[in-house]
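Please open the model in your viewer and keep the sequence panel beside it. This tour moves from one selection to the next and says what is there at each stop.

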Amino acid sequence: MEYFLQQLINGVTLGAIYGLIAIGYTMVYGIIGMINFAHGEIFMIGAFISLISFLILGPSGGAMVPIALLVVLLIAMSLTAVYGWALERIAYRPLRGSPRLAALISAIGMSIILQNYVQLSQGARVKTLQPVIEGGFQLMKAGNFTVVLSYMQIIIVVVTVSLMAVFWTVITKTALGRAQRACEQDRTMAALLGIDVDRTISITFILGAALAAVAGMMVTLYYGVIDFYVGFLAGIKAFTADVLGGIGSIPGAMLGGLLIGLIEAFWSGYFSIEYKDVAAFSILVLVLVFRPSGLLGRPEVEKV
Amino acid sequence: MTKPLLSVEHLSMQFGGLTAVDDLSFDAADRRITAIIGPNGAGKTTVFNCLTGFYPPTVGRLIVSFGESQYQLEQMEGFRIAREARIARTFQNIRLFPQMSVLENLVVAQHTKLMNASMFSIAGLLGLPRYRTVESEAIEKAEHWLERIGLLARSDWDAGNLPYGDQRRLEIARAMCTNPAMLCLDEPAAGLNPRESAELNELLISIRNDDGIGVLLIEHDMSVVMEISDKIIVLDYGRKIADGEPDAVRSDPAVIRAYLGEDGDAQESSNV
């Protein structure tokens with residue numbers, strides 16, 4: 001029971017991070033119908049920017065920590081957003097209207113370029129960060145096993161949930177969100193109503209990148225170890241979360257992220273940690289066999 | 001003399017070797033319903049597609065003037081045509097946002113106004129008073145239109161679930177919510193039954209008289225065209241063969257030869 005609770009806490013934390021990345025994929029897919037395979041690298045860049053900002057701000061302990069966290073969060077979100085914006089301008093906008101495969105190849109190309117760019121500029125070795133936030137609550141004790149809910153896990157879940165709430169409000173309640181949904185459903189028609197489609201797409205990339213940056217910062221703080229390759233597996237996992245939840249659906253991305261996080265945590269806890277990725281992808285296969293459009297996805301309607 | 005609302009000058013549109021529109025010139029006035037008719041493949045929809053910036057015309061100018069402003073549509077990006085030159089359009093095959101509610105379809109049409117008030121959504125997110133005012137005005141306008149087309153009771157339905165005739169009228173209402181100077185309707189009566197078609201006539205006449213804008217209409221349904229148009233332009237193989245008031249056009253021998261006389265299958269929709 002204690003062990004179960006601990007893995008549940010770990011799983012939810014992991015799932016929150018996957019969910020943040022997954023939203024970026026699903027939004028871009030929704031609006032331009034392509035998988036932005038460089039999104040994992042945007043997440044990795046967010047992690048690096050947070051790490052560098054932390055190191056520059058210095059190990060300012062004590063009362064300064066909340067402020068430092070906020071500053072790093074803002075720096076990481078805004079700089080990563082610039083990367084997201086530039087990615088769309090350079091690699092995807094010129095290919096708008098060409099076959100989808102072209103944009104897909106371009107995305108993979110950008111993914112490799114960004115990885116190599118970070119590898120060259122930051123070196124290939126893993127980077128470590130001293131724990132910034134330590135400690136936590138001891139929830140339960142059974143023999144020599146203690147269930148710990150660390151402060152870091154609380155921060156991750158609280159930040160993620162509040163960002164998702166803000167984000168959900170933007171999508172459902174504001175003019176921008178309405179424009180995004182309009183572009184998703186019919187871009188030509190949206191333009192005829194005076195919506196600047198290009199700008200709406202740019203904003204989508206900016207929002208997705210900012211959320212990925214938050215995920216990057218959380219991973220840096222949580223694990224304390226990153227390298228230039230960290231975006232690859234995280235990206236694939238988040239993409240899996242999207243497909244599981246139903247790609248194109250934002251609640252689906254959140255749910256999918258949570259499920260992938262839980263599956264991984266429980267599998268590593270009860271079976272073998274080596275096969276946790278296999279477990280996550282196997283569940284994906286099973287879901288797709290029975291619900292090809294994902295858990296919350298709408299079945300594809302044939303347009304006549 | 002004041003400039004007409006829309007002035008099409010020597011418009012030609014070629015697709016490879018095919019000339020879809022050939023040296024077409026006509027004017028469409030403010031507060032008038034101007035109909036474009038012609039047999040299938042005469043180039044009517046192509047004219048609309050040039051107007052709304054889908055294709056740049058091969059030759060010609062498309063000028064919109066109102067107030068002190070004048071716009072050359074062929075040099076403008078699509079969304080600016082809607083935003084600045086204030087041209088709104090509907091399609092032969094309805095293009096509502098099917099997964100948005102009926103009300104939202106009308107609110108999204110007022111995007112420019114809302115977006116300006118929302119300052120990159122920040123004001124909208126915080127619910128600042130100025131944005132709230134603009135938003136409630138937008139909803140009021142949407143509800144006004146829902147009342148006019150008789151859909152107020154179904155404002156929270158998904159637009160895609162409405163019956164066909166209601167979708168047609170909703171599409172016109174959505175176009176009107178963009179605050180257009182000119183409304184371009186591509187076969188609004190297609191697929192409507194006689195009762196719905198009569199309702200449509202009433203709606204279009206009220207748009208002309210009460211909202212005071214110009215309407216440009218492509219239509220096959222002669223009962224609609226002859227009843228409500230102030231002016232009719234007849235196209236055949238991309239060229240204008242007649243231009244005038246309904247009675248004059250009806251008795252024009254060239255028109256009878258090209259269209260009314262030979263082509264009895266006038267109800268069928270074209271797909272140019």
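This is a predicted model: local features need pLDDT of at least 70, side-chain atom pairs count only at pLDDT 80 or more; totals for chains, interfaces and linings use all residues.

**A walk through chains A and B**

Begin by selecting residues 100–122 of chain A, which form helix H4 (helices are DSSP runs of H or I with at least four residues, strands are runs of E with at least two, and both are numbered from the N terminus). Residues are numbered from 1 along each chain as its sequence is written, chains are lettered from A and ligands numbered from 1 in the order in which they are written, and side-chain values use heavy atoms, with hydrogens and water left out.

Stay on H4(A) and colour its buried residues, among them A:Ala103, A:Ala107, A:Met110, A:Leu114 and A:Val118 (buried means under 20% relative accessible area, exposed over 50%, and partly exposed in between, with a 1.4 Å probe and protein chains only). An α-helix has 3.6 residues a turn, so residues three or four places apart point the same way. Next, show helices H2 (39–57), H3 (65–92) and H9 (230–245) of chain A, against which the buried residues of H4(A) pack. After H4(A) comes A:Gly123, whose phi is positive, near 90°.

Axes here are lines fitted to C-alpha atoms, for helices over the stretch in contact, and angles run from 0 to 180 degrees between N-to-C directions.

How do the axes of H5(A) and helix H10 of chain A, residues 250–270, cross? They come within 11 Å and cross at roughly 160°, and H5(A) and H10(A) are therefore roughly antiparallel to each other. Select A:Met164, A:Phe167, A:Trp168 and A:Ile171 in H5(A), which meet A:Ile250, A:Pro251 and A:Met254 in H10(A).

Move on to A:Thr174, which lies in the loop between H5 (151–173) and H6 (175–185) of chain A. A:Thr174 is buried, with a relative accessible area of 1%, and a polar atom of its side chain lies 2.7 Å from the backbone oxygen of A:Val170.

Then select A:Gly33, in the loop between H1 (2–32) and H2 of chain A, which counts as buried at 14% relative accessibility. A:Gly33 and A:Ile247 are 214 residues apart in sequence and 9.9 Å apart in space, C-alpha to C-alpha.

Finish in chain B with B:His10, which lies in strand E1, residues 6–15, and has a positive phi of about 50° although it is not a glycine. At 47% relative accessibility, B:His10 counts as partly exposed.

Definitions and conventions:
A polar contact is a pair of N or O atoms within 3.5 Å; within protein, one must be able to donate a hydrogen and the other to accept it, and residues adjacent in sequence count only if both atoms are side-chain atoms. The expected span of a helix is 1.5 Å times one less than its number of residues. Contact means heavy atoms within 4.5 Å. Angles under 35 degrees count as roughly parallel, over 145 as roughly antiparallel, 65 to 115 as roughly perpendicular and the rest as oblique.
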